[in-house]
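Visitor: I would like to go through this model term by term. Please set each label against its cut-off.

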Amino acid sequence: MTTSKPVLLQLLPFPFPESQARLIQSFKVIELWKEADADATIAAHQHEIVALITSAMTPTRADLIDKLPNLRAICSNGVGYDAIDVKYAQEKGIQVSNTPDVLNDCVADLALGLLLATARKLALGDRYVRANQWGTDLKFPLGAKVSGKKVGIIGLGRIGMAIAQRVAGFDMEIRYHNRNARTDVGYGYEASLVNLAKWADFLIVATVGGASTRQLVNQEVLKALGPNGILINIARGSVVDENAMVNALVSGELGGAGLDVYESEPKVPDALKTLDNVVLVPHIASATTETRKAMADLVLDNAEAFASTGKIITPIPAL
Ligand code: 8YV
């Protein structure tokens, strides 16, 4: 007897053909990005679809969830779930998974990369050499020392901890801001983000996105970080008041910024592109072959577990 495969709606492709091949072993897959009329495709299959693959880049809001009355599992390719209406889905009995842990190293690596690049002007140096300015009267400006400085981490979760471990290798002092102090770490806790920014030379944003952290890093925090301070953001653009940050960088009230994430990706404020005290990369913290493969594998493990047992394996806790 042949049983038909469950139907899965996939909002974006995996970067590896073998992941795509693995998915079709267990599911009849609707590859939405290939469809000329996405709405019509969803409408045509709405009652069959039981599983969905999404990511931080493909918002999965209540309106989409409502169109899929038999949806039972959402598997997201990424750790952050601010682009998914998780609570709404969970209330409807839909399981939602993400890809925790497998990307901690690469995201933390990029945070340090951005910090070094910004403080030591690596991107500016690269532009300087390529423009044949080396050896001319245009002298290359001095950077800021990184080793031995004071680092404030906003959000000492799994990624924040991986950042702290790396930062410790640079003999830097670490303090952090969370909603609550952790009892299991020895780093100094600052209940006030403004005080943390005042104390720190470098402030690294590693907290979750979404409503609870919206514009946590506001004008006052940026001012407290100050003209020699550097802001690093590998979390979500929404955590920083982007207008205030641009103004502070332009006016010199903030020393520099290394950014992987932005308020309205892929849009980046034009003013930032003109500033030499800023390093900009296009949301690539998890974008290595190894980590993206591990993320794809975990999405597939979740989807397959759902197909065979009805239960995903890395559920987002009930919100
Ligand atoms: C990815 C991310 O950009 O995990 C996250 O929350 O933002 C990143 O790892 C994205 O999810 C890739 O699909």
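Visitor: What makes Tyr176 count as buried or exposed?

Guide: This is a predicted model, in which local features need pLDDT of at least 70, side-chain atom pairs count only at pLDDT 80 or more, and totals for chains, interfaces and linings use all residues. Residues are numbered from 1 along each chain as its sequence is written, and side-chain values use heavy atoms, with hydrogens and water left out. Buried means under 20% relative accessible area, exposed over 50%, and partly exposed in between (1.4 Å probe, protein chains only). Tyr176 has 0% relative accessibility and therefore counts as buried.

Visitor: Which label does Tyr189 get, and why?

Guide: The relative accessible area of Tyr189 is 28%, so Tyr189 is partly exposed.

Visitor: Why is the pair of Tyr176 and Tyr189 called tilted?

Guide: Rings of Phe, Tyr and Trp (its six-membered ring) pair if their centres lie within 6.5 Å; planes under 30 degrees apart count as stacked, over 60 as edge-to-face and the rest as tilted. A search of the whole structure finds two aromatic pairs. In the pair of Tyr176 and Tyr189 the ring centres are 5.3 Å apart and the planes stand at 55°, so the pair is tilted. Tyr176 belongs to strand E7 and Tyr189 to strand E8, so the pair ties together parts that are 13 residues apart in sequence. Helices (H or I, at least four residues) and strands (E, at least two) are DSSP runs, numbered from the N terminus.

Visitor: What is the order of the seven strands in their open sheet, and what makes E8 and E12 edge strands?

Guide: Two strands pair if DSSP finds at least two bridges between them. The order is E8-E7-E6-E9-E10-E11-E12, with parallel pairing. E8 (188-189) and E12 (278-280) each have a single partner strand, so one side of each is left without a neighbour in the sheet. Inside this order, E9 (residues 202-205) and E10 (residues 230-233) run parallel and are joined by four bridges. Phe202 stands opposite Ile230 in E10.

Visitor: Which strands does helix H7 touch?

Guide: Contact means heavy atoms within 4.5 Å. Helix H7 (residues 158-168) packs on the sheet and touches E6 (150-154), E7 (173-177) and E9, its direction making about 170° with that of E6. Helix H5 (residues 104-119) lies across E9, E10, E11 (256-259) and E12, at about 150° to E10. Axes are lines fitted to C-alpha atoms, for helices over the stretch in contact, and angles run from 0 to 180 degrees between N-to-C directions.

Visitor: What is the order of the strands in the open sheet of five?

Guide: The order is E2-E1-E3-E4-E5, with parallel pairing. The edge strands are E2 (28-31) and E5 (95-97), each pairing on one side only. From one strand to the next the twist averages 20°.

Visitor: How do you know that strand E3 is largely enclosed?

Guide: Seven of the seven residues of E3 (residues 49-55) are buried, so the rest of the structure largely encloses this strand. Leu8 stands opposite Ala51 in E3, while Ile53 has Cys75 of E4 as its bridge partner.

Visitor: Why are helices H1 and H12 called roughly parallel?

Guide: Angles under 35 degrees count as roughly parallel, over 145 as roughly antiparallel, 65 to 115 as roughly perpendicular and the rest as oblique. H1 (residues 17-26) and H12 pack at about 0°, with their axes 10 Å apart. The two helices are therefore roughly parallel to each other. Among the residues making the contact are Arg22 and Leu23 of H1 and Asp297 and Leu300 of H12.

Visitor: What makes Asp171 stand out in its phi, and is Asp171 buried or exposed?

Guide: Phi of Asp171 is near 55°, a positive value in a residue other than glycine. Asp171 is found in the loop between H7 and E7. The relative accessible area of Asp171 is 63%, so Asp171 is exposed.

Visitor: Where is the cis peptide bond between Glu265 and Pro266, and what is its omega?

Guide: The cis bond joining Glu265 and Pro266 has an omega of about 5°. Pro266 is in the loop between E11 and helix H11 (270-273).
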